[in-house]
Amino acid sequence: RETKREAAKMGTVSLLKCYRPLFSTLFPRSPPSTLHAAIFRRKNLRSFCACSSPPLTAEKDCGKSGAEGFTLKNSAPEVWLHNTMSKTKQLFKPKVEFKVGMYVCGVTAYDLSHIGHARVYINFDLLYRYFKHLGFEVCYVRNFTDVDDKIIARAKELGEDPISLSRHYCEEFCRDMITLNCLPPTVEPKVSEHMPQIIDMIEKILNNGYAYIVDGDVYFNVEKFPEYGKLSSRDLEDNRAGERVAVDLRKKNPADFALWKSSKPGEPFWESPWGPGRPGWHIECSAMSAAYLGYSFDIHGGGIDLVFPHHENEIAQSCAACKKSDISVWMHNGFVTIDSVKMSKSLGNFFTIRQVIDIYHPLALRYFLMSAHYRSPVNYSNIQLESASDRIFYIYETLHECKSFLKQHDQTTRKDSIPPDTLNIIDKFHDVFLTSMSDDLHTPVVLAGMSDPLKSINDLLHTRKGKKQQFRIESLTALEKSIGDVLTVLGLMPASYYECLNGDFYGHSFVVTPALLAIGFNIEINPTINNTSTQSETAITMDCYKFSVLQQLKEKALKRANLTEEKVLEKIEERAAARIEKDYAKSDAIRKDLAILGITLMDSPDGTTWRPTIPLPLQELL
């Protein structure tokens with residue numbers, strides 16, 4: 001491990017020495033080996049030019065599979081995205097054909113992430129997945145702020161080293177993203193590893209006359225940039241100095257913001273032409289986005305709270321450093337609110353991701369955050385999480401029952417053996433998926449559109465008419481695949497974990513064992529093992545995974561109800577005895593008591609089973 005750490009340090013030094021602020025090629029065909037050692041989070045990461053073919057747009061490509069395995073019947077649709085700069089939806093046109101460069105502002109790593117953060121990164125994970133699905137090659141850059149006032153303050157409070165503290169919370173953030181089934185970005189740069197790039201950009205801004213020096217501090221002069229405020233539509237006199245620092249009376253204008261801060265006793269610092277210090281908050285993203293994507297790229301994103309001052313300041317800095325700086329689309333997601341008030345650490349009204357997934361399944365949280373359009377505020381409540389959990393259970397229960405049935409029957413099919421009614425359901429679902437996702441990621445419509453194919457599966461499995469339908473096996477096979485493909489693109493079918501089996505994920509080697517499924521998505525990190533694990537350790541099928549999701553959902557429901565499965569089974573036996581004795585009042589009372597806690601009983605000729613449901617008091621509020 002020490003050898004790897006030293007190699008990473010050497011790789012970083014080599015990378016920084018050869019840094020060029022303006023890359024001549026947006027997507028290098030073969031990234032330098034130093035990038036793999038110092039920046040990339042996975043070994044053997046595919047180069048930016050990994051896609052061998054453009055999106056499926058030609059008629060001759062009909063029927064081929066996209067990047068995620070979803071079969072495109074028609075040509076790939078046009079993608080429309082809302083641009084905060086223009087305040088309108090606009091047709092997305094990449095600067096480099098068939099390639100997308102995307103930068104998303106990452107977390108300031110001083111504490112565990114809350115579900116407001118989860119919404120940001122699930123949203124851009126969806127965009128990342130959808131572009132890949134359409135066949136685009138995506139360079140997705142998401143940074144870590146590991147040098148900041150908040151980190152320094154928290155480290156002092158805990159008596160820890162600021163860099164070590166931020167490294168710890170960077171790792172915890174990665175675990176949260178794995179849990180929420182967010183794909184790892186192409187690059188995850190840290191501020192502490194990019195000081196030469198940051199200093200280089202500040203020098204350019206100074207040389208171009210957009211900044212000034214005061215006692216070792218460097219400030220951006222907003223009056224020198226007439227377009228300041230164009231993203232947030234704010235007049236200069238209305239602007240504040242910033243969100244994270246107090247007003248400095250040495251500044252020429254209260255809205256001027258720090259590019260470089262002189263060092264203070266006991267704080268981390270780096271040498272610079274203006275003396276020892278550290279960068280301001282805003283300059284880091286301008287420098288790192290330019291380092292990996294150039295000054296001109298396709299999409300820059302984050303939460304709506306970053307529009308001002310952070311992204312407004314980024315625009316000013318980047319344009320001051322390079323007149324050709326140009327971002328095609330600025331994307332921002334809405335807040336997660338509690339009682340209509342923004343959730344934030346500073347207000348103290350937040351739930352961490354860990355707190356939520358302690359009692360709700362990670363897929364339920366992801367589904368909940370996708371159930372509203374990404375630009376709309378979404379209000380956190382138990383009702384919404386219970387509804388999302390109930391829906392995820394229904395989806396996976398349907399798929400599990402379908403797969404179990406198909407395993408018992410011959411699935412040999414002919415291309416023309418699917419009935420027209422089934423084809424119509426699948427075609428409509430595919431059309432809704434492509435149209436809605438291409439319309440500024442309208443996920444609520446996609447989730448709603450899943451109802452018809454799911455209902456069709458249940459009809460074929462359980463109704464008298466469905467059981468008699470011709471080509472029943474073929475219909476179930478096609479419906480199950482169509483739903484699974486869409487779930488994969490939405491990140492609700494985490495096949496990506498198993499693509500990485502016995503691999504290196506976020507810098508750690510690991511194996512996935514059946515025991516891991518019992519604790520959710522928290523992949524077992526073990527830096528000491530190699531890639532020689534046995535087949536039994538890694539042979540986890542998607543069917544097993546579907547079943548484990550159902551079991552995990554049941555366990556979470558029991559935890560919320562403060563029950564054990566043994567207690568539920570005792571109640572089922574007690575109810576069965578009451579029914580034998582024709583004590584129907586007691587039988588109904590037991591059913592209702594469990595329903596109040598979120599447990600519903602289902603009677604069948606084979607006996608009584610249970611499943612999670614929305615607790616009865618909450619159902620009455622829906």
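In this predicted model, arginine 611 is buried, with a relative accessible area of 12%, and its side chain forms a salt bridge with glutamate 397, the closest N and O atoms being 3.7 Å apart. Because glutamate 397 lies in helix α11 (residues 382-407) and arginine 611 in strand β17 (residues 607-612), this pair ties together parts that are 214 residues apart in sequence.

| Salt bridge | N to O distance |
|---|---|
| Arginine 129 and aspartate 125 | 2.8 Å |
| Arginine 278 and aspartate 149 | 2.6 Å |
| Glutamate 397 and arginine 611 | 3.7 Å |

Arginine 278, in strand β8 (residues 277-279), and aspartate 149, in helix α4 (residues 149-158), likewise tie together parts that are 129 residues apart in sequence. Arginine 278 is buried, with a relative accessible area of 4%, whereas aspartate 149 is partly exposed at 23%. Salt bridges with shared partners join Asp149, Lys261, Glu267 and Arg278 into one network.

Arginine 129 and aspartate 125 are both buried, and they are separated by about one helical turn because they stand four residues apart in helix α3.

The largest nonpolar core has 94 residues, and those with the most contacts inside it are Phe131, Ile299, Leu365, Met450 and Leu490; helix α3 (residues 115-133) contributes its largest share, eleven residues. Leaving aside neighbours within four places in sequence, phenylalanine 131 is in contact with residues including Val79, Phe92, Val138 and Ile299. A second, separate core of 49 residues includes Phe220, Val222, Ile283 and Ala316.

Technical notes:
Residues are numbered from 1 along each chain as its sequence is written. This is a predicted model: local features need pLDDT of at least 70, side-chain atom pairs count only at pLDDT 80 or more; totals for chains, interfaces and linings use all residues. Side-chain values use heavy atoms; hydrogens and water are left out. A nonpolar core is a set of buried Ala, Val, Leu, Ile, Met, Phe, Trp, Tyr and Cys residues joined through side-chain atoms within 4.5 Å. Buried means under 20% relative accessible area, exposed over 50%, partly exposed in between (1.4 Å probe, protein chains only). Helices (H or I, at least four residues) and strands (E, at least two) are DSSP runs, numbered from the N terminus. Contact means heavy atoms within 4.5 Å. A salt bridge is a side-chain nitrogen of Lys or Arg within 4 Å of a carboxyl oxygen of Asp or Glu.
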